[in-house]
Amino acid sequence: MNNIRKQDIMSLLGCFVLFAVMQLLIMFEIIGPFWELNIVLIGINIILSVSLNLINGYTGQFSIGHAGFLAVGAYTGAIITVKLGLPFELALIVGTLCAGLLGFLIGLPTLRLNGDYLAIATLGLGEIIRICILNIEYVGGASGLMGIPRETNFAWVFWVGIFVIFFIKNFINSAPGRSCLAIRENEIAAETMGIDTTKYKVMAFTIGAAFAGTAGVLFSHYFYIAHPASFTFMRSFDILTMVVLGGLGSMSGAITGAVLLTGISAFLAEYPEWRMVIYSITLIVLMLYRPQGLFGNKELSLKMFKLGGDNSGRTAEGK
Amino acid sequence: MDMGSFLHQFVQQLINGVSLGSIYALIALGYTMIYGIIKLINFAHGDIYMLGAYFGFVATTMLGLSFLPALVFAMAAAAVAGIVIERVAYRPMRNAPRIAILITAIGVSFFLEYGMILIATPQPRTFPAVFDATVYNVAGLVINSQQIVILGSALVLMAALTYIVNHTKAGKAMRAVSFDMDAAQLMGINIDKVISMTFALGSSLAAAAGVLVSIYYNSIDPLMGMMPGMKAFVAAVLGGIGIIPGAMLGGIIMGVVEAMVSGFFSSTFRDAAAFGILILILLYKPSGLLGKNIREKV
């Protein structure tokens with residue numbers, strides 16, 4: 001127990017150092033605005049992939065409707081700041097809670113399904129959320145909600161990201177988290193052992209949805225606009241791809257996946273016509289040669305590298 | 001709205017819905033066959049439909065073919081594309097985790113879409129009118145000759161497919177593989193060949209749908225396959241995925257519901273209705289309208 005605490009403090013220190021370095025690089029404009037934007041985007045994508053990993057990787061429930069919760073967060077956050085004129089901090093909290101609540105309401109009936117059927121249901125629900133938003137005039141309908149203040153910066157994304165990573169890491173190591181892992185390994189066996197599978201599945205789904213909402217608030221408050229076209233099922237696929245690429249059920253994997261894919265997109269930004277083609281070929285080739293993802297379900301561990309400090313934070317922003 | 005005009009509107013939307021639905025049914029058939037055989041949700045299937053439309057475009061504009069030869073050309077070319085995709089991207093993954101194959105399918109889908117943008121630019125192109133559109137007025141109902149051609153071609157193709165699956169040796173092999181792959185292999189069926197054939201058949205149907213739609217709407221673009229692909233998939237699930245008559249039924253129902261929603265409410269809610277049906281069917285009868293409930297064994 002003591003050991004874990006010590007490791008956590010070490011990790012936190014590592015995060016501080018990493019944060020200080022990155023912040024200085026941004027302040028002295030060694031990292032230009034283009035890469036600053038991409039670093040923020042990487043941070044947001046890390047929150048998304050880590051939260052989806054809780055549902056898909058750790059609990060084994062195949063959800064591909066994450067963009068829907070992202071949209072809910074983005075829009076409720078924007079309503080709080082733009083329409084009601086309340087502070088950004090409140091927007092973050094409300095966005096998170098709303099997405100979580102919706103996740104709970106959606107999770108309760110749909111999580112009875114399994115495998116491909118759950119995947120399709122979540123995909124459909126994600127689209128329904130988007131189409132509903134598209135038809136609400138109050139939030140701008142098809143033209144999107146504009147004029148959102150830029151409140152998100154590197155510091156916000158970094159610390160919220162660290163919070164989410166730690167939250168999910170600790171959740172997985174807690175009793176409910178272990179129940180989730182048991183459900184992933186074998187749902188019927190888990191049920192036989194007395195685990196209330198519905199409860200823990202819904203719990204994981206709600207937490208994952210809530211953090212997607214957080215990412216949504218950060219997203220809309222960085223890009224000035226919340227637009228329905230940013231939340232299509234393509235976006236859900238994007239997040240899913242990050243998780244699978246890194247390795248389902250691996251925290252370091254989810255983080256690496258987010259960094260890698262966002263990075264590839266950014267590097268290819270200069271060749272817009274080739275960008276998606278190369279992206280898709282990378283995806284196919286990686287899956288052909290490493291179908292279990294880069295990390296499998298293993299973690300990048302201290303024992304592997306003897307680096308000290310925090311792995312998750314390091315992989316998060318260090319690349 | 002009084003009863004008479006309501007009824008009139010209803011029948012009109014029914015006609016529109018059935019012709020749109022037959023397109024969904026053609027695409028859904030490919031989804032359902034491929035799922036039935038290798039349990040893969042082939043997300044790239046909607047893009048095969050797009051590919052078919054472009055092949056049709058090439059056939060009519062560059063090769064100067066008329067409707068039927070162009071349709072056959074597009075179907076054949078798409079069949080080859082389907083076989084190649086399966087051979088290159090899916091076959092090496094056959095024993096990989098399901099989710100990895102799914103991601104590969106998403107990758108293939110992106111590749112086809114953006115590859116096409118690279119070749120043909122993202123601008124929509126005008127599909128030539130291969131035959132004149134005559135509008136018939138039957139008892140106040142508007143029926144377009146193109147709708148008749150779409151429905152007719154779709155019916156012929158579906159009948160042909162049903163015949164192939166139920167009455168030929170190849171079809172028997174397909175059914176056997178979809179029932180139990182290992183047992184089929186032990187009986188001496190060449191699995192690879194059967195899977196290739198399934199992809200060829202499914203892709204050619206999607207291509208036919210692509211050509212028919214392009215004739216109807218006069219316009220094609222590289223991303224045209226995304227939404228119809230998704231909806232056809234919903235149609236396949238609605239009818240019971242893996243079941244061929246189910247895909248046809250599901251497609252027609254989807255088309256009719258969509259036409260009704262756009263006719264009576266608002267066309268912006270059309271897509272939501274499609275996915276709404278999906279959620280309802282999944283919650284109450286996840287095996288689909290024509291599916292059987294299979295009890296999970298421990």
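What share of the contacts in chain A with a separation of 6 or more is accounted for by residues 24 or more positions apart? In this predicted model, such residues account for 80% of those contacts. Chain A is built from 14 helices and zero strands, and its pattern along the sequence is accordingly a run of α elements, α-α-α-α-α-α-α-α-α-α-α-α-α-α. Its radius of gyration is 19 Å, close to the 20 Å that the globule rule gives for 319 residues, so chain A is as compact as a globular protein of that length. Along the principal axes, the C-alpha atoms of chain A fill a box of roughly 50 × 45 × 40 Å, and 52% of the 319 residues count as buried.

The buried residues of H11(A) include Met251(A), Ile255(A), Val259(A) and Thr262(A). As background to this reading of helices, an α-helix has 3.6 residues a turn, so residues three or four places apart point the same way.

Chain B, in turn, has 11 helices and four strands. For its 298 residues a compact globule would have a radius of gyration near 19 Å, and chain B, at 19 Å, agrees with this. The C-alpha atoms of chain B fill a box of roughly 60 × 50 × 35 Å along the principal axes, and buried residues make up 51% of the chain. Among contacts in chain B between residues at least 6 apart in sequence, 77% join residues at least 24 apart.

Where the two chains meet, the contact takes 31 residues from chain B and 32 residues from chain A. On the side of chain B that touches chain A, H4 and helix H11 (270-284) of chain B each supply at least two residues, and H4(B) gives the most, with 12 residues. By type, the residues on this side of chain B divide into 25 nonpolar, five polar and one charged.

Leaving aside residues up to four places away in sequence, Leu26(B) touches Ala154(B), Leu157(B), Leu205(B), Ala206(B), Ala208(B) and Ala209(B). Ala232(B), which lies in helix H9 (residues 226-239) of chain B, counts as buried because it has 30 C-beta neighbours inside 10 Å, where 20 or more are required. With the same exclusion of sequence neighbours, Ala232(B) touches Tyr24(B), Ile27(B), Ala28(B), Tyr31(B), Gly46(B) and Gly251(B).

The strands of chain B include S2 (residues 135-138) and S3 (residues 141-144), which pair in the antiparallel sense over four bridges. Within this pairing, Asn137(B) has Val142(B) in S3(B) as its bridge partner. S2(B) and S3(B) form a hairpin with two residues between them, and Ala139(B) in the turn has a positive phi of about 50 degrees.

Most residues other than glycine have a negative phi, which gives a reason to look at further exceptions. Thr121(B) has a phi near 60 degrees and is placed in the loop between helix H4 (98-120) and strand S1 (125-126) of chain B. Is Thr121(B) buried or exposed? Thr121(B) is exposed, because 12 other C-beta atoms lie within 10 Å and the limit for exposure is 12 or fewer. Asn218(B), with a phi near 65 degrees, lies in the loop between helix H8 (191-217) and strand S4 (219-220) of chain B, and its 15 C-beta neighbours inside 10 Å make Asn218(B) partly exposed.

Key: Residues numbered from 1 in each chain as written. Chains lettered and ligands numbered in written order. Predicted model: local features only at pLDDT ≥ 70, side-chain atom pairs only at ≥ 80, totals over all residues. Contact = placed C-beta atoms within 7 Å. Nonpolar A, V, L, I, M, F, W, Y, C, P; charged D, E, K, R; others polar. Pairing = 2+ DSSP bridges. Rg over C-alpha atoms; globule rule 2.2 N^0.38 Å.
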